[in-house]
Amino acid sequence: MKLSDALQEKKKKILSVWIARTLDPYGSSAFFKQSRDQIANPVGSNIREGLTKVLELLLSGSKPVDFTPHLDQVIRIRAVQDFTPSQALVPFLELKWIIRQVLSEDTNTRSLVPDLADLYCEIDQIALAAFDMYTKCREQLYQVRIKELKSGSYILTDTPCVSALLRKRQKGPDKIN
């Protein structure tokens, strides 16, 4: 059996493990994993769709530029959340481990594991592209925040509502609660 045939045969298993491991860090990971509704679960749905397309492109031998919109679909979500850069990008690097595990489980494909070097190189390139996207997204977030601070619009988003401030004034400075 050829490696490409084995990967196509195991694609569904690889994808399900990859999606599950990517959604595990979320607080409501069971919901993200189960609900496929785009409206009720945009995070899980977009991550699932993005990872599916990335894996399909990877297994079809597509050009790196073809991955961009699908990587962006996943990375933009992870860039605005409370993930460190390594936590945001780990799913792309874990794909190597997942593929190795899935192929190793089957006696028919276990012998193909040493042939994964080229695929690993492609996955590393995908991870590096994802890192570039992540840093651009974070830079955009910081630029927006700086613009808010300079314009004073942060006052509208970062302060309590007016009615809360009025209640506080009515109680007096000593009686905050």
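Buried, in this talk, means under 20% relative accessible area, exposed means over 50%, and partly exposed is in between, with a 1.4 Å probe and protein chains only. Asp-124, for example, is partly exposed, with a relative accessible area of 30%.

Some ground rules. This is a predicted model, so local features need pLDDT of at least 70 and side-chain atom pairs count only at pLDDT 80 or more, while totals for chains, interfaces and linings use all residues. Residues are numbered from 1 along each chain as its sequence is written, and side-chain values use heavy atoms, with hydrogens and water left out.

I start with the salt bridges. A salt bridge is a side-chain nitrogen of Lys or Arg within 4 Å of a carboxyl oxygen of Asp or Glu. By that rule the count is four. I will show three of them.

One joins the side chains of Lys-10 and Asp-106, at 2.7 Å from N to O. Lys-10 is in the loop between α1 and α2, Asp-106 is in the loop between α6 and α7, and the two are 96 residues apart. The helix names come from DSSP: helices are runs of H or I of at least four residues, strands are runs of E of at least two, and both are numbered from the N terminus. Are these two partners buried or exposed? Lys-10 counts as buried at 15% relative accessibility, and Asp-106 is buried at 17%.

Another salt bridge joins Arg-21 and Glu-94, also with 2.7 Å from N to O. Arg-21 lies in helix α2 and Glu-94 in helix α6, so this pair ties together parts that are 73 residues apart in sequence. Arg-21 counts as partly exposed, at 33% relative accessibility.

Then there is Asp-124 again, which forms a salt bridge with Lys-96, their closest N and O atoms being 2.7 Å apart. Asp-124 sits in helix α7 and Lys-96 in helix α6, 28 residues apart.

Now a charged residue without a partner. Arg-78, in helix α5, is buried yet has no salt bridge. Which side chain of opposite charge is nearest to Arg-78? That is Glu-94, 7.8 Å away. For charge, Lys and Arg count as positive and Asp and Glu as negative, while His and the chain ends are not counted. Contact means heavy atoms within 4.5 Å. Leaving aside neighbours within four places in sequence, the contacts of Arg-78 include Thr-22, Tyr-26, Phe-83 and Tyr-134.

Tyr-26 also touches Val-43, a residue of helix α4 (residues 42-60). Val-43 is buried, with a relative accessible area of 18%. Tyr-26 and Val-43 are 17 residues apart in sequence and 10.0 Å apart in space, C-alpha to C-alpha.

Next, the core. A nonpolar core is a set of buried Ala, Val, Leu, Ile, Met, Phe, Trp, Tyr and Cys residues joined through side-chain atoms within 4.5 Å. The largest one here has 45 residues, and Trp-18, Phe-92 and Ile-99 have the most contacts inside it. Helices α1, α2, α4, α5, α6 and α7 each give two or more residues to this core. The largest share, nine residues, comes from α7.
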